[in-house]
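Please keep the sequence and the three-dimensional view at hand while reading.

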Amino acid sequence: MPTAVFEFPLNEKVRTYLRLEQLFKQLCQWKELNHDWQYIGYLESFFTLVDLLERIDIRTDILKDIDAHERNLVHWSQHPQIDNDALQTTLRRIVKLRDQLKSARKLGSGLKDDKFLAAIRQRFAIPGANCSFDLPSLHYWLNQPQQIIHADIKRWMDEFSLVNQAIDITLSFLRERGRLATTVAEKGFYQDVADSRCELIRIECDVAQGYYPVLSGNKHRYAIRFMRFNPDQDGVLTEENSVTFKQACC
């Protein structure tokens with residue numbers, strides 16, 4: 001049966017991590033791009049990433065989380081049944097990443113001197129304002145050989161490579177903290193008290209049931225409501241049926 005996994009953050013930090021992860025997933029497909037409209041879509045997502053990183057101090061949160069991961073790995077290394085080789089490989093990876101983040105320049109600082117990006121960025125904030133008559137410099141760039149375009153994109157993406165790696169490993173550790181367990185939402189409703197360490201609720205459900213979850217709450221208590229999917233109207237609470245789903249508190 002086809003299933004979907006929904007993830008609901010319980011604090012602003014994890015909410016930001018998930019948004020960054022989604023943007024990086026979109027942007028990391030740049031090697032497969034070869035049409036004008038695809039590159040324009042890439043730039044729209046890229047400027048969204050830059051805007052988000054300029055508004056937050058993500059490095060501080062990431063370094064705190066990496067330090068916590070290092071302490072946990074050192075603790076787990078004492079367990080007699082642990083795969084010590086795999087653990088040491090992961091430990092070396094996060095220590096190296098932490099040191100690189102601490103010594104790195106301000107995120108995206110290398111883009112400040114990029115006149116081309118600076119010239120077109122503001123236009124991308126205006127809906128539809130990236131036509132050739134709006135941005136002739138962009139139109140010229142789009143018509144260069146693909147190797148030149150890809151070289152520019154690689155240089156831009158390298159500015160955020162450390163953040164991308166840090167988000168990937170941090171969310172990986174977070175998701176592994178919880179295991180999916182079968183749960184029942186009576187009349188489409190379920191509520192619970194969140195563990196003090198819980199930062200993310202993951203819900204897996206069978207899409208063939210025709211329902212999707214909506215979560216409300218905070219780091220202390222949360223409620224899940226299953227809504228019937230109907231594209232012609234707003235979601236309606238599934239009060240007539242119980243819904244079986246899997247849940248993990250991470």
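## Terms and basis

A residue is called buried if its relative accessible area is under 20%, exposed if it is over 50%, and partly exposed in between, with a 1.4 Å probe and protein chains only. Cysteine 249, with a relative accessible area of 32%, is therefore partly exposed.

The model is predicted, so local features need pLDDT of at least 70 and side-chain atom pairs count only at pLDDT 80 or more, whereas totals for chains, interfaces and linings use all residues. Residues are numbered from 1 along each chain as its sequence is written, and side-chain values use heavy atoms, with hydrogens and water left out.

## The chain as a whole

The chain has eight helices and eight strands. Helices (H or I, at least four residues) and strands (E, at least two) are DSSP runs, numbered from the N terminus. Along its principal axes, the C-alpha trace spans about 60 × 55 × 30 Å.

Of the 250 residues, 39% count as buried. The accessible surface comes to about 14,800 Å², and carbon and sulfur atoms account for 50% of it; these areas come from the Shrake-Rupley method with a 1.4 Å probe, and for residues only the protein chains shown count as cover. A contact means heavy atoms within 4.5 Å. Among the contacts with a separation of 6 or more, 74% are between residues 24 or more positions apart.

## The disulfide and the other cysteines

The structure holds one disulfide, a term for a pair of cysteine sulfur atoms within 2.5 Å. The disulfide joins cysteine 198 to cysteine 249, with an S to S distance of 2.3 Å. The link is left-handed, with -135° about the S-S bond. Cysteine 198 lies in the loop between β3 (189–193) and β4 (200–206), and cysteine 249 lies in strand β8 (residues 243–249), so the pair ties together parts that are 51 residues apart in sequence. Cysteine 198 is buried, at 4% relative accessibility.

Cysteine 205 is in no disulfide; the nearest cysteine sulfur belongs to cysteine 250 and is 15 Å away. Cysteine 205 counts as buried at 3% relative accessibility. Cysteine 250 is in no disulfide either, and the nearest cysteine sulfur, that of cysteine 198, is 6.7 Å away. Cysteine 250 is buried, with a relative accessible area of 2%.

## Aromatic pairs

A pair of aromatic rings is described by the distance of the centres and the angle of the planes. Rings of Phe, Tyr and Trp (its six-membered ring) pair if their centres lie within 6.5 Å; planes under 30 degrees apart count as stacked, over 60 as edge-to-face and the rest as tilted. By this rule, the count is 12 aromatic pairs. One of them is the edge-to-face pair of tyrosine 39 and tryptophan 141, at 6.1 Å centre to centre and 75° between the planes. Tyrosine 39 belongs to helix α2 (residues 36–55) and tryptophan 141 to helix α6 (residues 136–142), so this pair ties together parts that are 102 residues apart in sequence. Tyrosine 39 is buried at 2% relative accessibility, and tryptophan 141 is buried at 3%.

Phenylalanine 116 and tryptophan 156 form a stacked pair, 6.3 Å centre to centre with 15° between the planes. Phenylalanine 116 lies in helix α5 (residues 115–121) and tryptophan 156 in helix α7 (residues 146–158), so the pair ties together parts that are 40 residues apart in sequence. Tryptophan 156 is buried, at 0% relative accessibility. Ring pairs link Tyr39, Tyr42, Phe46, Phe47, Phe116, Phe124, Trp141, Trp156 and Phe160 into a cluster.

Helix α4 (residues 84–103) has 20 residues. From its first C-alpha to its last, the helix reaches 28 Å, close to the 28 Å expected at 1.5 Å a residue; the expected span is 1.5 Å times one less than the number of residues.

Which residues of α4 are buried? They are Leu87, Leu91, Ile94, Leu97, Arg98 and Leu101. Seen down the axis of α4, these residues fall within an arc of 135°, so they line one face of the helix; the arc is that of the directions from the helix axis to the C-beta atoms. An α-helix has 3.6 residues a turn, so residues three or four places apart point the same way. The cover over the buried residues of α4 includes α3 (58–76) and α8 (161–176). On the other side of α4, Asp85, Arg92, Lys96 and Ser103 are exposed.
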